[in-house]
Amino acid sequence: TLPMGGRLLALNWVLEAIRKGGPVMVPIAAASVWAWWLALACRRDVAALGSPGAAGTAEVRTRLRLLATLVAVLPLLGLLGTVEGLIVAFDVIQEFGNGEPRMLAGGIRHALITTEAGLVAAIPLLVLHRHLTGRLERFVRHARDFR
């Protein structure tokens, strides 16, 4: 775990990214936290398959489907933020013309931050989802072969 100073720096970084990325960053952050919680629970459940008291494969599959949905939604939320940021940039152009690049930078930065956040959240979760799905399917095949 991070020492207290490191945790505060990480929290400040996240809060600053949310501020710069605009309102779409809130659902990106919430979906990301939910997806990581779900991924770690699925990891625990897949690792415990076959042991007494383990979650059933149907329950794990349900969680993995929900995780897949969140993984698909995260980049779409990033894209929504991109569109929102570009609308802000075009509003600046409409209001002030395109002679002020500094004024356009806020909308463009907003667009890029949300795109990055959606992708940064989704990519490792996608890899973990595929890994866990593969492990679950191997367990199911192995259990079927033993019958």
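**Ground rules.** The model is predicted, so I took local features only at pLDDT of at least 70 and side-chain atom pairs only at pLDDT 80 or more, while totals for chains, interfaces and linings use all residues. Residues are numbered from 1 along each chain as its sequence is written, and side-chain values use heavy atoms, with hydrogens and water left out.

**Entry 1: salt bridges.** I looked for a side-chain nitrogen of Lys or Arg within 4 Å of a carboxyl oxygen of Asp or Glu. By this rule I got 6 salt bridges.

I began with Lys20 and Glu16. Their closest N and O atoms are 3.8 Å apart. The two residues are 4 residues apart in helix α1, so about one helical turn separates them. (Helices are DSSP runs of H or I, at least four residues, numbered from the N terminus.) Lys20 is partly exposed at 31% relative accessible area, and Glu16 is partly exposed at 30%. (Buried means under 20%, exposed over 50%, partly exposed in between, with a 1.4 Å probe and protein chains only.)

Next I checked Asp45. Is Asp45 buried or exposed? Asp45 is buried, with 6% relative accessibility. Its side chain meets Arg44 in a salt bridge at 3.0 Å, N to O. Asp45 also meets Arg63 in a salt bridge at 2.0 Å, N to O. Shared partners join Arg44, Asp45, Glu59 and Arg63 into one network of salt bridges.

**Entry 2: the largest pocket.** I used a 1 Å grid over the protein atoms alone; a pocket is an open set of points, where a 1.4 Å probe fits, with protein on both sides within 12 Å along at least five of seven lines, and lining residues have an atom within 4 Å of a point. The largest pocket holds about 420 Å³ of space. Of its 16 lining residues, Trp13, Val14, Ala17, Met25 and Ala117 are the closest to its centre. Helix α1 gives the largest share of the lining, 6 residues. By class, the lining has 12 nonpolar, 1 polar and 3 charged residues.

**Entry 3: a surface patch.** Leu76, Leu79, Val83 and Ile87 make a nonpolar surface patch of about 370 Å². (Patch residues have over 30% relative accessible area and no salt bridge; nonpolar side chains are joined within 5 Å.) I found Ile87 in helix α3, residues 57-96. Ile87 is partly exposed, at 48% relative accessible area.

Conventions. Patch = residues over 30% accessible without salt bridge, like charges linked within 9 Å, V, L, I, M, F, W, Y side chains within 5 Å. Areas by Shrake-Rupley, 256 points an atom, 1.4 Å probe, with all protein chains shown as cover. Points joined across faces, edges and corners; volume = space filled by probe spheres on them. Nonpolar A, V, L, I, M, F, W, Y, C, P; charged D, E, K, R; others polar.
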